[in-house]
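Please look over the following model with attention to its charged pairs and the strands around them.

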Amino acid sequence: HDATQVGQVSDWLNTKYEIYDAYAPPITDNLEIYFNPDFDVYSDAGTTLATDGDNIRQYNDRSGNSNTAAQTTGSRQPVYSTSTLGNGNASIHIDSTNHFDLTSGITVGSSSHFTYYVVYKKSGAVNNSSIGSSGSGYGNRIDLNDSYIQTFDSSTNSFVPYSWSTDLTIITVVVDRSDNSYKLYENGSQVSTTRTRTFGQFDFDQLHGSTGISGGDIDYGNVLMYNGVAHDSTEVGTMNDWLATKYGILPVTTNLEHHFSALASEGVYSDGGTTTITDGGLVQQIDDMSDNNNNLTQTTTANKIKWLADYDNSGYPAFVKKNTEQQNAFLSLDSNISITQSEDVTLYVVCKKGSSNSMTFYGGPSGTGFHSWPSTFYAITDTWSLKSTSTTTWSDPNFNTLQVRAFVKDKTTNNKIYVYEDGSLIHTITGTPSGTMTFNRFFNRGGLDADSVGTYDVWQESALYRDAHDATQVARVTNYMKTKWGI
């Protein structure tokens with residue numbers, strides 16, 4: 001067994017015997033603090049575990065350094081929530097008056113690096129919600145501001161402009177003294193350019209807020225700080241993927257054009273966005289989880305896709321159709337998506353083809369889109385310039401098992417198309433199609449529908465990027481989807 005297999009079997013055994021902390025981060029060297037809202041959050045001084053809506057008096061550090069976060073003043077106590085972040089994860093809710101005091105202050109010397117990770121979701125504009133701060137004076141803090149993220153020592157600050165959303169997000173701040181760089185990452189991807197700033201010593205003694213500095217409503221998930229080390233992009237990616245798996249966040253979000261899933265909690269409705277779908281129901285709306293809010297909708301009953309809460313006793317939901325059930329189903333995009341000849345594109349889809357005919361992902365006018373036929377995968381443009389790949393050498397040439405499939409059109413760098421199956425490169429095609437691919441729907445492209453009577457066509461998640469993902473990015477997104485859907 002290689003290292004990955006050893007890790008998988010060890011984690012499986014540990015689930016039964018609880019030998020080690022299965023929730024420990026993948027990097028533990030120089031770990032200064034680690035707070036996880038799903039564990040060791042108390043409504044009193046360490047005896048009574050907090051429940052949804054409780055004020056929090058004590059919040060235990062899981063780094064091994066026992067740097068407890070506490071707040072004895074009732075009016076300043078954060079609130080425990082089990083319903084805000086989704087995916088079964090708890091959060092610490094902070095408003096303008098809340099913060100914790102750390103048992104021991106954290107000092108980062110003037111020649112020492114540090115790396116800070118935080119998972120958060122804001123409800124609106126946030127003014128100076130500090131993820132780490134000092135109760136003495138205005139400095140020594142990291143602020144999630146309303147238009148940027150800034151880091152202060154006692155007198156010097158540096159900030160990176162940042163476009164906020166209300167999405168659940170992973171933020172990483174890296175201060176590297178070797179070149180005096182200040183870097184900010186969102187969901188594992190660096191935001192803006194590296195800033196150069198000569199910081200002095202940092203002294204942090206508060207968490208999730210700052211005495212005397214106003215803030216807005218925000219919910220925090222895991223928080224980790226590493227003292228004395230500046231994580232590089234690979235380490236940031238490792239930590240981001242670990243957090244993304246827990247919180248159900250795509251590990252790559254740069255140039256994300258469209259994203260949806262079959263999880264009811266991620267926005268699947270039997271009406272126009274009010275009533276969450278139930279088992280066996282027909283879907284009227286699926287929310288787009290990218291920042292583009294390009295939802296999928298269908299109001300005609302005969303064309304609605306069916307939703308199963310537990311497809312094939314797998315424990316996971318799915319969108320399904322076959323010859324005898326919603327054969328002609330498709331949902332329309334609120335706004336068309338057009339990919340020009342010169343643009344890159346990457347498509348991920350978690351799917352299983354039950355029919356012996358075609359299976360469509362994104363489709364459009366005159367048959368354009370991404371489709372699979374028996375032993376062939378197509379990308380078709382509006383000029384019917386198409387690129388196809390024989391699937392006869394795939395482990396599943398007919399798509400009859402549930403897998404994560406990825407299609408990469410790399411026009412700008414290599415002028416090639418790459419096809420992946422569960423993260424493995426299956427085919428490389430030289431050349432890319434001319435013309436434009438215009439998508440206006442998902443689940444069919446007009447006239448190409450399920451024709452299998454006994455077996456469902458199955459879709460569980462799709463993500464479309466205006467970017468050509470390399471093998472590392474494909475592996476990150478694929479592993480996230482495989483973990484999410486139990487593949």
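The report below turns to salt bridges and then to strand pairing.

This is a predicted model, in which local features need pLDDT of at least 70 and side-chain atom pairs count only at pLDDT 80 or more, while totals for chains, interfaces and linings use all residues. Residues are numbered from 1 along each chain as its sequence is written, and side-chain values use heavy atoms, with hydrogens and water left out.

The structure holds 9 salt bridges, a salt bridge being a side-chain nitrogen of Lys or Arg within 4 Å of a carboxyl oxygen of Asp or Glu. The table includes three of them.

| Pair | Closest N to O |
|---|---|
| D40 and R62 | 3.1 Å |
| R466 and E257 | 2.8 Å |

Because R466 lies in the loop between β36 and α3 (471–484) and E257 in strand β19 (residues 256–261), their pair ties together parts that are 209 residues apart in sequence; helices (H or I, at least four residues) and strands (E, at least two) are DSSP runs, numbered from the N terminus. E257 is buried at 14% relative accessible area, whereas R466, at 27%, is partly exposed, where buried means under 20%, exposed over 50% and partly exposed in between (1.4 Å probe, protein chains only). A network of salt bridges links E257, E343 and R466.

K306, buried with a relative accessible area of 17%, stands opposite V320 in β25. Strand β24 (residues 305–308) runs antiparallel to β25 and is joined to β25 by 3 bridges, pairing requiring at least two DSSP bridges between two strands. β25 also pairs with strand β36 (residues 457–465) in the antiparallel sense over 3 bridges, and there F319 has W459 as its bridge partner.
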